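Subject: Two-chain model for you

Hello,

Here is the structure I promised to pass on. Please open it first, then read my notes below.

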Amino acid sequence: MARLHRIRRFGDFAHLTLSAPAVARGARPGQFLEIRTGGGPAPFWRRPFSICRATATQVEVLVKAVGPGSRWLAARRVGETLDLLGPLGRGYSLAGREPRLLVGGGYGVAPLLFLAERLRARGCAVEALVGGRCTEDLLLRNELRRAGARVACATEDGGTGMRGTAADLLSERLRGRGRPVRIAACGPRGLLAAVARLARRYGLPAEVSLEETLACGLGVCNGCVVRVKGEYRRVCVDGPVFPAEDVEWHEEE
Amino acid sequence: MKKNKRRQPSLAVTVGGLRLRNPVLLASGTCGYGEELRGWLDFKAVGGIIAKSITLRPRAGNPMPRVVECAAGMLNAIGLANVGVEAFCREKLPALRRMPCAVLANVAGSTQTEYLRVVERLQPERGLAGIELNVSCPNVQAGGMEFGRDPKTLERLVRAVRRETTWPLWVKLSPNVTDILPLAQAAEQGGADALTLINTLLGMRLDIFRRRPALAYGTGGLSGPAIKPVALAMVYKAAGAVKIPVVGCGGIETPEDAVEFLLAGASAVQIGTGTFRQPAAGSQVAEGLRRYAAAGRFGSLRALIGAGR
């Protein structure tokens, strides 16, 4: 259980700050929460949300109001109590001092803010490559800058930054780059497949956060599997973050 | 205040050859091999767990998507993904043995020989309180539900397994039949110690954008509160037609749901999909039953069983 401490709405999005000390203490970048929505029998499943920031006592999530569950969540008021489980899943690796390139597509930028903060705290140089269809899709840019990350943007309509995707930005950054760098990505599957391709081409380590529909979120139902290194792995507990090179991308490649 | 008024009513039950501290178990396929739920649920608070179905050989399971949400429930077509009996004994049993509650293995197969070989492999192992036969999985091509649809085939299978083991033997039946009674009776005739009712109901959803079935397998098994009335009717009917105990399963999320099943004639209940929404559902239902029994005039929960009939 967690108390809604603050909610900030913009466009289709809501940024929720929840008071949940036990959850906040254990949270690592890339992990997620399973939140019960609807206040009644529907929606039937909890809904997963990446943790986009955690302090000593609070966790934050970014909610895109697209369906009944997320719309309900985006309409909560400060002081209300939410039923949540977490932190769940395996997050991004914080190991290594190499500079990081964080690649976020749209809503996928959420866990990268948390990752940027923790990496900066460890002294890593961080650049966030943020992409979206249009300027309104570019999320958390100011928060990333305040966290100490350099931020570059790409929009498919050319409204802000480079015309193209976050993968196009990544491609540009890697071209002719000599220094080693680690890549972490979150976003639509097509973007992640493109990041995986680039990482392989340049021989760089990359981690991607995969998304699947979750029934339990705890690893018991086997309903959220992806092909990783020739076998089915559960996104909820074996992931959601996997090494990009281990994921079988199939049709995206 | 009289002393006996404060006495905790006993929730202990003996079901199908098994002594349980309370009549609440976690259903097969919804509690993994136990380890997945560690930290989310107090296993000392439930009567037992039924481990995920095991087959002779490992099974990768069906392609994705495997699950889809419905009104008051969900569909799954996991396809009996499991590590196989050998890895189960080697990798999963050590942790299961340390569980502070009864642990039943759930056995599935595509032929009678496969069922028998799995049961045979389990026999020398310590730490299992019994076996539940899965003759009701709707999500595999061969076997599974086929054994649970024909009384003669079912009786032959149960009798053969009965010869293989002296452990408590439960049989989990499918609701996807014209009449549950001949199957309940066939399992009893074959030597089952208890019946678990029900497995999932065959169902499907379609994706209106892709114009394809929502599940890669096409159809799936419906679970959750949506199936509770169906499960109750089947428990009610079966409990009146067999002498062995019936274990109720289907959409149970609250203590009140469990009481309904007990009143209908179930001797114990299993929490399935409820665990997905609330990982501690099993222990919460058990705790609620304790309060329910304490508040009523029942000396023990046994008095509830079949009281609604």
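In chain B, 72% of the contacts with a separation of 6 or more are between residues 24 or more positions apart. Keep in mind that this is a predicted model.

Next, chain B as a whole. Its secondary structure comes to nine helices and 16 strands. Of the 309 residues in chain B, 59% are buried.

Now chain A. It has six helices and 16 strands. How does its radius of gyration compare with the globule rule? The value is 17 Å, close to the 18 Å that the rule gives for 253 residues, so chain A is as compact as a globular protein of that length. Along the principal axes, its C-alpha atoms fill a box of roughly 55 × 40 × 35 Å. Buried residues make up 53% of the 253 residues of chain A.

Look at β4(A), residues 47-54. Is it mostly covered or mostly open? Mostly covered: eight of its eight residues are buried.

Which strands pair with β4(A)? Here are two partners:

- β3(A), residues 32-35, pairs with β4(A) in the antiparallel sense over four bridges. Find Glu34(A) there; its bridge partner in β4(A) is Pro48(A).
- β5(A), residues 58-64, is joined to β4(A) by three bridges, and these two strands run antiparallel. Ala54(A) stands opposite Val59(A) in β5(A). A hairpin of three residues links β4(A) to β5(A).

Last, the place where the chains meet. How many residues of each chain are in contact with the other? The count is 26 residues of chain B and 19 residues of chain A. On the chain B side, three elements each supply at least two residues: β5 (67-70), β6 (73-76) and α8 (274-277). That side of chain B divides into 16 nonpolar, six polar and four charged residues.

Best wishes

Terms used: Residues are numbered from 1 along each chain as its sequence is written. Chains are lettered from A and ligands numbered from 1 in the order in which they are written. This is a predicted model: local features need pLDDT of at least 70, side-chain atom pairs count only at pLDDT 80 or more; totals for chains, interfaces and linings use all residues. Two residues are in contact if their C-beta atoms, placed from the backbone, lie within 7 Å. Ala, Val, Leu, Ile, Met, Phe, Trp, Tyr, Cys and Pro count as nonpolar, Asp, Glu, Lys and Arg as charged, and the others, Gly among them, as polar. The radius of gyration is taken over C-alpha atoms; the globule rule is 2.2 Å times the number of residues to the power 0.38. A residue is buried if 20 or more other C-beta atoms lie within 10 Å of its own, exposed if 12 or fewer, and partly exposed in between; C-beta atoms are placed from the backbone. Two strands pair if DSSP finds at least two bridges between them.
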